[in-house]
Amino acid sequence: MTGSGRKRALILAGGGLKVAFQAGVLEVWLDEAGLKFDLADGASGGTFNLAMWCQGMTGRQIADNWRRMNPLSGVDFNWSQYLRLFYARSLFELDAYRKNVFPQWGLDWDKIRATKREATFNLYNFSKHELSVVTADRMTEDHLIGAVSLPFWFPPVVIGGDTYIDAVFNTDANIEEAIRRGADELWIIWTVSERGEWLDGFVATYFQVIETAANGRYKQILARVRRNNENIDQGRAGEFGRKIEIKELRAEVPVHYILNLSQDRLAEAVNRGVKTARRWCEENGIKLLTPGADYSEDIHEARTTLQFSESMRGFVSWNAKDFQEGFEAGRKSGMALECRLTIRIDGVNRFVVNPDHDAEATGTIHCEEFGGAREIEGGRFNLFVDAGDPAHKTMNYRLKFRDAAGSLFTLSGYKEIKDDPGFDVWSDTTTLYTRIFAGDVSPQAEGNARVAAAGIIRISIPDLMKQLTTFRAEGPTLADRTAALGRFGRFFLGSLWDVFARDLLSTGPI
């Protein structure tokens with residue numbers, strides 16, 4: 001039991017490869033916050049993390065397993081079935097997980113079965129058409145494979161003469177089982193997408209059906225818990241006989257459920273889980289006892305840097321609060337603004353897997369009203385940051401400078417990357433909505449800060465062509481430098497895919 005005498009359950013819901021995010025949350029909940037759980041339940045992809053938890057791995061060990069995982073090591077085409085066309089048993093097999101991924105993770109079935117931790121794994125017994133709940137002492141590798149054997153993608157698993165598949169269409173979080181086992185608190189990590197955007201095509205439709213089943217079932221049980229608690233509060237009998245407290249962390253994770261080829265994406269998803277869980281703990285009054293370092297696991301060891309130059313020009317106007325209004329007024333008055341920047345990424349390894357994608361920005365700001373060319377002090381740049389919705393990203397600039405009189409100003413600008421009607425990739429990636437604040441202003445303080453000027457600046461086509469020639473990588477070897485450019489390029493294109501190519505695949509596979 002927890003210190004409060006209440007029984008606390010960890011609910012590791014499914015989500016395919018999105019559960020890499022779940023592993024990052026576990027790093028914070030288990031290690032940094034020191035949370036203890038009396039029991040745990042896992043479904044679909046969440047059973048991967050549950051197996052590691054049963055074995056006694058720390059949150060950091062679970063998270064690092066995902067950070068180091070190359071998704072290609074788990075790819076295994078079911079070639080023998082392809083000639084059967086529409087009667088094929090599956091597109092892929094999970095033998096590569098048995099041969100490669102599970103040994104890399106260090107799964108030990110003897111240790112898992114010997115655990116003293118109470119845990120339940122969910123599979124669907126298709127032979128009997130019933131949910132099968134398997135306790136840790138009965139778990140085998142076959143059971144774990146069966147728990148994630150999503151029909152069509154992977155073949156079912158036969159155990160003891162019965163056919164087993166992923167339980168996702170029945171449940172993606174077996175809350176009733178945790179309650180039946182005496183849980184009073186349910187700590188749930190939910191990564192199944194809830195965006196509610198319908199996309200056409202077989203692959204999109206398949207996973208949208210999963211989202212329908214998983215979210216619908218999940219919301220039904222949460223509603224039952226709410227009614228139970230309301231009845232008890234009003235002195236009536238509740239369905240579960242006691243109040244059940246829900247501790248829920250939900251997130252949209254920019255990794256496809258299955259179709260992902262990028263190790264960087266998995267590592268970023270883990271780090272996104274760490275960042276989100278730390279913020280969630282702060283918002284919920286949970287003190288971190290041993291806060292960890294920021295995303296300290298580099299999946300590539302070579303130290304590489306990357307830099308490029310960028311020039312933007314446009315107009316701003318004094319005291320304008322609206323960007324377009326400031327641009328028009330500035331153009332009439334001749335208040336031109338130009339930024340000539342050098343963006344330096346100190347550690348491509350860190351940059352591509354850090355959810356903030358933060359880099360240094362140096363250079364000059366040119367505006368006659370501020371005293372001509374002014375050197376940037378402490379500039380920062382964030383590339384393709386999303387705040388809850390992977391299909392809506394921003395590029396953020398924060399550039400500090402002093403005018404001719406020595407007064408400090410902060411230029412805060414953003415490029416908004418979202419899929420509006422028409423072809424708008426060019427305008428989204430080249431248009432910077434700009435405010436200049438008086439003083440040293442942090443992002444959190446902008447709401448109460450004085451806006452000195454506002455407007456819009458843009459990258460012209462000639463400047464963009466020039467920018468493409470300025471990319472420079474540094475590293476120990478030519479191969480390292482080439483890899484750094486490639487990883488940055490894949491990150492850049494993959495992020496654009498998340499926004500503009502969702503009709504092909506909801507999340508970029510690279």
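Author: The largest share of the lining of the second largest cavity comes from helix α8 (residues 202–233), with four residues. The model is predicted: local features need pLDDT of at least 70, side-chain atom pairs count only at pLDDT 80 or more, and totals for chains, interfaces and linings use all residues. Residues are numbered from 1 along each chain as its sequence is written, and side-chain values use heavy atoms, with hydrogens and water left out. Helices (H or I, at least four residues) and strands (E, at least two) are DSSP runs, numbered from the N terminus.

Reader: How many cavities of 30 Å³ or more are there?

Author: On a 1 Å grid over the protein atoms alone, a cavity is a set of points where a 1.4 Å probe fits but cannot get out, and lining residues have an atom within 4 Å of a point. Grid points are joined across faces, edges and corners, and a volume is the space filled by probe spheres set on the points. With a threshold of 30 Å³ or more, the count is two.

Reader: Which element gives the most to the lining of the largest cavity?

Author: The largest cavity, about 150 Å³ in volume, is lined by 18 residues, with Arg 265, Glu 268, Phe 491, Ser 495 and Ile 510 nearest its centre. At least two lining residues come from each of α9 (263–283), β13 (377–386) and α14 (478–500). The element that gives the most, with six residues, is α14.

Reader: What is the division of the lining of the second largest cavity by class?

Author: This cavity holds about 40 Å³ of space, and its lining includes Asp 172, Glu 176 and Arg 217. Ala, Val, Leu, Ile, Met, Phe, Trp, Tyr, Cys and Pro count as nonpolar, Asp, Glu, Lys and Arg as charged, and the others, Gly among them, as polar. The division is four nonpolar, one polar and three charged.

Reader: Over how many bridges do β16 and strand β17 pair?

Author: Two strands pair if DSSP finds at least two bridges between them. Phe 437 stands opposite Val 451 in β17. The sense is antiparallel, and the number of bridges between β16 (residues 431–438) and β17 (residues 451–458) is seven.

Reader: At what angle do helix α1 and helix α2 pack?

Author: Axes are lines fitted to C-alpha atoms, for helices over the stretch in contact (heavy atoms within 4.5 Å), and angles run from 0 to 180 degrees between N-to-C directions. For α1 (residues 19–32) and α2 (residues 46–54), the axes are 9 Å apart and the angle is about 35 degrees.

Note on methods:
1 Å grid on protein atoms, 1.4 Å probe; cavity = no way out; pocket = protein on both sides within 12 Å on 5 of 7 lines; lining within 4 Å.
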